[in-house]
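Thank you all for coming.

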Protein chains: 2
Amino acid sequence: MADYGQYPSRILEDAVDAISSLPGVGRRSALRLALHLLKQPAENVHHFTRAIDTLRDDVRYCRVCRMISDEEECSICSDRSRNRAQICVVESVRDVMSIENTGQYHGLYHVLGGIISPINGIGPSDLTIRELTERISSLPDPSGAEVILALSGDVEGETTAFYIYRQIASSGVRISSLARGLGFGDDLEYADSLTLGRSIVNRQEFRP
Amino acid sequence: MADYGQYPSRILEDAVDAISSLPGVGRRSALRLALHLLKQPAENVHHFTRAIDTLRDDVRYCRVCRMISDEEECSICSDRSRNRAQICVVESVRDVMSIENTGQYHGLYHVLGGIISPINGIGPSDLTIRELTERISSLPDPSGAEVILALSGDVEGETTAFYIYRQIASSGVRISSLARGLGFGDDLEYADSLTLGRSIVNRQEFRP
């Protein structure tokens, strides 16, 4: 008979180990979730695990922009009403969803699938940068097109933006990046000086 | 082509639905977890879902105390060094683990598997109360045994304790419940008056 350790059962401990491997889920929460799942009908639990297996095994990515998509071409790329001369370059699927939620952008996207990060061993070849340059070189009118580098404002984001800039600068497309400045509702007193400085340098005409 | 809704893919949406069905997990966190799982090797994700399926399908309960156990009899019930004349009645598996963690109790347990709660449609027959009464009636020396009702201090816990008390009072076992009072380190000023009142009535001899 096994010694009575922290967990009364190896099966329970395995489940807690698995659940606590999720980011932001500690072992106490994992135990709570495991005991919750134990109380659900087996059917519900199997539905839960099947949805996750299906996500991992059957998910597809748009052949054009690498967004998650159930079709070969995602609903944005196949939407002929969108501005096909604009490509917004983002790190992840979530960024596409965030920008779509603003309702302010009507062009296309390109999902890099990550960000250049030497510390995490992620180089340019791990991202879809080659696919982006091919996409740009096949544009019918590069000089009338725009690539928007919508990356994070941290070192990794800036590095990635600069790397992409060097790859595509010669193509003739207009290259822009997201405006940086005070957020709406931000208190000037609490803004960091880098952001505040950029806000002053890039000040905009006052349109009341 | 489907309309571009909040989610770019039905498969992703199904996974977010499933994950956000967990208690305390909102849709934003569920999306974050789904995209995290997508980035993991398929093997790791299958290990994760298999651990949960195994938990739900293969978990067993001790035939004596109904604690989760990989064996027919759990490691507490089969530990002959424990006091077999004490049965601590708790609501859930987690309560057993909490009390074990205190290191202050060396008797056996009985897991009710819930608490009497008319609002949630849980009556005495949904719990292991009959198994408890059978267990008590088969004790070799009831008058030398003790049943500790270690239930929550809320209405449902009190109701359940009172119901069990009526079922077993005639058996001759000594019946006790957890001490209620100020927690260690609690500030008297912030204690609720019910707890404080009980602490005064049930005051203990000062042993410095």
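**Helices across two chains**

Let me begin with a handedness: the crossing of H1(A) and H3(B) is left-handed, where a crossing is called left-handed if the near helix is turned anticlockwise from the far one by less than a right angle, and right-handed if clockwise. Before I go further, please keep in mind that this is a predicted model, in which local features need pLDDT of at least 70 and side-chain atom pairs count only at pLDDT 80 or more, while totals for chains, interfaces and linings use all residues. Residues are numbered from 1 along each chain as its sequence is written, and chains are lettered from A, and ligands numbered from 1, in the order in which they are written. The labels H and E stand for helices (H or I, at least four residues) and strands (E, at least two), which are DSSP runs numbered from the N terminus.

Returning to our pair, H1(A) and H3(B) pack at an angle of about 145°, with their axes 9 Å apart; the axes are lines fitted to C-alpha atoms, for helices over the stretch in contact, and angles run from 0 to 180 degrees between N-to-C directions. Which residues of the two helices meet? From H1(A) come A:Ile11, A:Leu12, A:Asp14, A:Ala15 and A:Ala18, and from H3(B) come B:His47, B:Phe48, B:Ala51, B:Ile52, B:Thr54, B:Leu55 and B:Asp58, where two residues are in contact if their C-beta atoms, placed from the backbone, lie within 7 Å. By class, this contact has eight nonpolar, two polar and two charged residues; here Ala, Val, Leu, Ile, Met, Phe, Trp, Tyr, Cys and Pro count as nonpolar, Asp, Glu, Lys and Arg as charged, and the others, Gly among them, as polar.

Now let us step back to the whole interface, in which 48 residues of chain A are in contact with 48 residues of chain B. On the side of chain A that touches chain B, at least two residues each are supplied by helix H1 (10–19), helix H2 (27–39), helix H3 (42–58), strand E2 (68–69) and helix H4 (93–102) of chain A. H3(A) gives the most to that side, with 14 residues, and the residues of that side divide into 28 nonpolar, eleven polar and nine charged.

**Helix H1 in each chain**

Within chain A, the axes of H1(A) and H2(A) come within 8 Å and cross at roughly 120°. H1(A) and H2(A) are therefore oblique to each other, given that angles under 35 degrees count as roughly parallel, over 145 as roughly antiparallel, 65 to 115 as roughly perpendicular and the rest as oblique. The crossing of H1(A) and H2(A) is right-handed, and among the residues that make the contact are A:Leu12 and A:Val16 of H1(A), with A:Leu31 and A:Ala34 of H2(A).

In chain B, the buried residues of helix H1 (residues 10–19) are B:Ile11, B:Leu12, B:Ala15, B:Val16, B:Ala18 and B:Ile19, where a residue is buried if 20 or more other C-beta atoms lie within 10 Å of its own, exposed if 12 or fewer, and partly exposed in between, with C-beta atoms placed from the backbone. These residues cover an arc of only 160° around the axis, which puts them on the same side of H1(B), the arc being that of the directions from the helix axis to the C-beta atoms. What covers them includes H3 and E2 of chain A together with helix H2 (27–39) of chain B.

Most residues other than glycine have a negative phi. What is the phi of A:Arg66? A:Arg66 has a positive phi of about 70° although it is not a glycine, and its place is in the loop between strand E1 (60–61) and E2 of chain A. With 21 C-beta neighbours inside 10 Å, A:Arg66 counts as buried.

A:Arg174, by contrast, lies in strand E6 (residues 174–177) of chain A and counts as partly exposed, with 13 C-beta neighbours inside 10 Å. A:Arg174 and A:Ser143 are 31 residues apart in sequence and 6.8 Å apart in space, C-alpha to C-alpha.
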